[in-house]
Amino acid sequence: MHEMSLAEGVLQIVEDAARASGDDAFLRVKTVFIEIGQLSSVEPDSMRFCFDAVTRGTLAEGAKLEVIEVPGEGLCFNCNKTVPLAALYDPCPACGGYPVQPTGGTEMRVKELEVE
Ligand SMILES: [Zn+2]
């Protein structure tokens with residue numbers, strides 16, 4: 001389950017942000033907003049589960065993981081259009097051609113932290 005190492009990466013970002021802020025107000029992380037691309041092969045549900053597991057005993061314990069799903073997008077080399085892409089290696093939905101180079105929705109990243 002590669003979501004576990006991804007969740008650890010998210011926690012790392014949260015802890016770094018807390019340290020960098022040097023702010024006493026940064027006591028507790030309430031919500032972590034992450035973007036998960038449709039083509040990133042990250043499962044939002046297992047991401048939530050792993051995040052709960054790795055944040056136990058940290059300043060992010062009890063924080064809610066808010067997942068923003070980003071739709072996949074690709075550039076078709078056949079018709080040269082930017083098209084919605086539901087899965088990697090899918091044919092172009094516009095012309096049925098190959099290959100479609102993924103241009104969006106391929107990443108998972110931390111978007112925002114809500115603290116109190
Ligand atoms: Zn096409």
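How are the donor residues of the zinc ion spaced in sequence? Their spacing is C-x2-C-x12-C-x2-C. The model is predicted: local features need pLDDT of at least 70, side-chain atom pairs count only at pLDDT 80 or more, and totals for chains, interfaces and linings use all residues. Residues are numbered from 1 along each chain as its sequence is written, and side-chain values use heavy atoms, with hydrogens and water left out.

**Zinc site**
- Cys-76, Cys-79, Cys-92 and Cys-95 each supply SG as a donor, at 2.2 to 2.3 Å from the zinc ion; donors are N, O and S atoms within 2.8 Å of the metal (3.2 Å for Na, K and Ca).
- The arrangement is tetrahedral because the 4 donor atoms subtend angles of 105 to 116 degrees; for four donors the term requires all angles between 85 and 135 degrees.

**Helix pair**
- Helix 1 (residues 3–21) and helix 2 (residues 44–54) have axes that come within 8 Å and cross at roughly 55 degrees; helices are DSSP runs of H or I with at least four residues, and strands are runs of E with at least two.
- Helix 1 passes helix 2 in a right-handed crossing.
- Residues of helix 1 that meet helix 2 include Met-4, Leu-6 and Val-10, and those on the helix 2 side include Met-47, Cys-50 and Phe-51; contact means heavy atoms within 4.5 Å.

**Backbone**
- The Tyr-98 to Pro-99 peptide bond is cis, with omega near -20 degrees, and Pro-99 sits in the loop between strand 4 (82–84) and strand 5 (100–104).
- Ser-41, a residue other than glycine, has a positive phi near 55 degrees; Ser-41 lies in the loop between strand 1 (29–37) and helix 2.

How values were computed: Axes fitted to C-alpha atoms, helices over the stretch in contact; angles between N-to-C directions. Left-handed = near helix turned anticlockwise from the far one by under 90°. Tetrahedral: all angles 85-135°; square planar, octahedral: opposite > 155°, others 65-115°.
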